[in-house]
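Subject: Structure for you to look at

Hi,

Here is the structure I promised. Please open it alongside this note; my findings follow below.

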Amino acid sequence: LRNIGVVGLGNVGLCTALCFANKGNKVTGIDLSTERISTIQNGKSPFYERNLTEYLNTAISQGNFSCSSNYASLLNMDFIFITVGTPNLVNGSTDLSQVRSASKSIAKVIGRSREFPVVVVVKSTVTPRTTRKIVKPILERYSKMKMGVNFGLCANPEFLREGNAIEDTLHPDKVVIGFDDERSGKELAAFYESFYGSDSKIILTNTETAELIKYANNVFLATKISYINTIARICEKLRGSDVKKVAQAIGLDSRIGPKFLEAGPGYGGSCFPKDVKALITFAANLGVSTELFHAVENVNAEQVEHVVSMVSRLLRRVKGKKISILGLSFKADTDDVRESPAIKVIERLLSLNAKITVYDPKAMKRAREVLGDSIFYSPSSREALMDSELCIIMTEWKEFTELKPTDFIAVMKRPTILDTRRIYDPWDFQGKTKFAGIGLELE
Ligand code: UDX
């Protein structure tokens, strides 16, 4: 069991910290936001994540997790994970300012620490070469010590999904460890082997390959989504065809696989849009053609316009019409609205002067921070549907899948459903309401 520091208590940092703590490691979390620290110390999660509150309270009560804004509490750690945010700059490249400042603060603490070697682990998503060319020099300069001698350094990207972060941290498909000095790599691999068991799939490589793996992984998944969304548009023009059948069939080919073939309003969230952009910028700087990645991005951007054009076709005139939107988060089981297609569709429909009423089980608060009072917020899906002429399903929340045609018919003015997530069986609505979906031929 180890002493572990985790710097940056966002979704990745907090979930990682608590999973380590719940297996008995002593974990110290650091975050510069004192407000966030006091929320966490009070046993509350600063964002919605399944099982997180339970994990947090168990870890606190067992004395395995504490947190503060003071880097001095990172003295004498075995590992210090960097999990700060790496947003995009306007030019598409990655903003490494938080990684730099965290590295500097860590350097000052390990400089004062007496027990060596601590291994610093870069878990934040960073462009290839960041660990070697940016983090390492900062750590060496401010600690006045040598990497590989007095402290270790690894790149260790994560692949966890929002909403499923605890489960993904406990059962990852793989663990990627990039190292430039062998001792650090071995140390971290030994820790993960004891954490996950000896049959865990650990990929050992150098730091830049590890960093690239993260982008290659996410951009591949984004590519799958843009691919199936393109097939969906073909299906919409091909009488009687359905993208769900196509996805089901091609997914059975073991070379393709069934996951990430759900057509919809496009990918969103804090990772895919940012990572596709960052890989484009990175590849272009190396002189590598980025055509494929641009296509992935373009298809995704068009998908929002595509939903808006379906709305125009269904309603003919959008102006003044009451439209209900069910779902605001970029996917189910999260309150995150960053890059959410729902928000983008709403903004477009507002520009066409529609009257929008929304409901989401978890993301109302965060959506209000973005959309303000430009739309109406309903306390339930039933109220959101009241007197409306079109319902658009934007997020695949379980409670929406349970709605029956009668739930729409009972309260809507002219029941029309646009199912962008394909959560309903169109046959259930046949002859009862007007129904359209992504990847289905419009009536
Ligand atoms: C993603 C990666 O999956 C994860 O490995 C990485 O660490 C962070 O980014 P996340 O952003 O939480 O995780 O969401 P994910 O479940 O991957 O979905 C991303 C977006 O793609 C969502 O908007 C989702 O609705 C969309 N999506 C996903 C589809 O449109 N179709 C699919 O088949 C799958």
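The expected span of a helix is 1.5 Å times one less than its number of residues. Keep that in mind for helix H11. Note also that this is a predicted model.

Helix H11 covers residues 291-315, which is 25 residues. By that rule H11 should span 36 Å. Its end C-alpha atoms are 36 Å apart, so the two values agree. H11 does bend, by about 25°, at Gln 303. Just after H11 comes Arg 316, with a positive phi of about 60°.

Now the overall fold. The protein has 17 helices and 14 strands. Along the principal axes, the C-alpha atoms fill a box of roughly 75 × 50 × 40 Å.

Next, the ligand. Which residues come nearest to it? They are Phe 159, Glu 162, Glu 262, Gly 268 and Arg 421, out of 18 residues around the ligand. By type, the shell splits into nine nonpolar, seven charged and two polar residues. Helix H8 (residues 207-237) gives the largest share of the shell, with three residues.

- Glu 262: a polar backbone atom is 2.8 Å from a ligand oxygen.
- Phe 330: a polar backbone atom lies 3.0 Å from a ligand oxygen.
- Leu 261: a backbone N or O atom sits 3.3 Å from a ligand oxygen.

How much of the ligand does the protein bury? Taken alone, the ligand exposes 660 Å², and the protein buries 93% of that.

Best wishes

Note on methods: Residues numbered from 1 in each chain as written. Predicted model: local features only at pLDDT ≥ 70, side-chain atom pairs only at ≥ 80, totals over all residues. Heavy atoms only, no water. Near = heavy atom within 4 Å. Polar contact = N/O pair within 3.5 Å; in protein donor to acceptor, adjacent residues only side chain to side chain. Areas by Shrake-Rupley, 256 points an atom, 1.4 Å probe, with all protein chains shown as cover. Helix = DSSP H or I, 4+ residues; strand = E, 2+ residues; numbered from the N terminus. Nonpolar A, V, L, I, M, F, W, Y, C, P; charged D, E, K, R; others polar. Bend = angle between axes of the 7 residues up to and from the residue.
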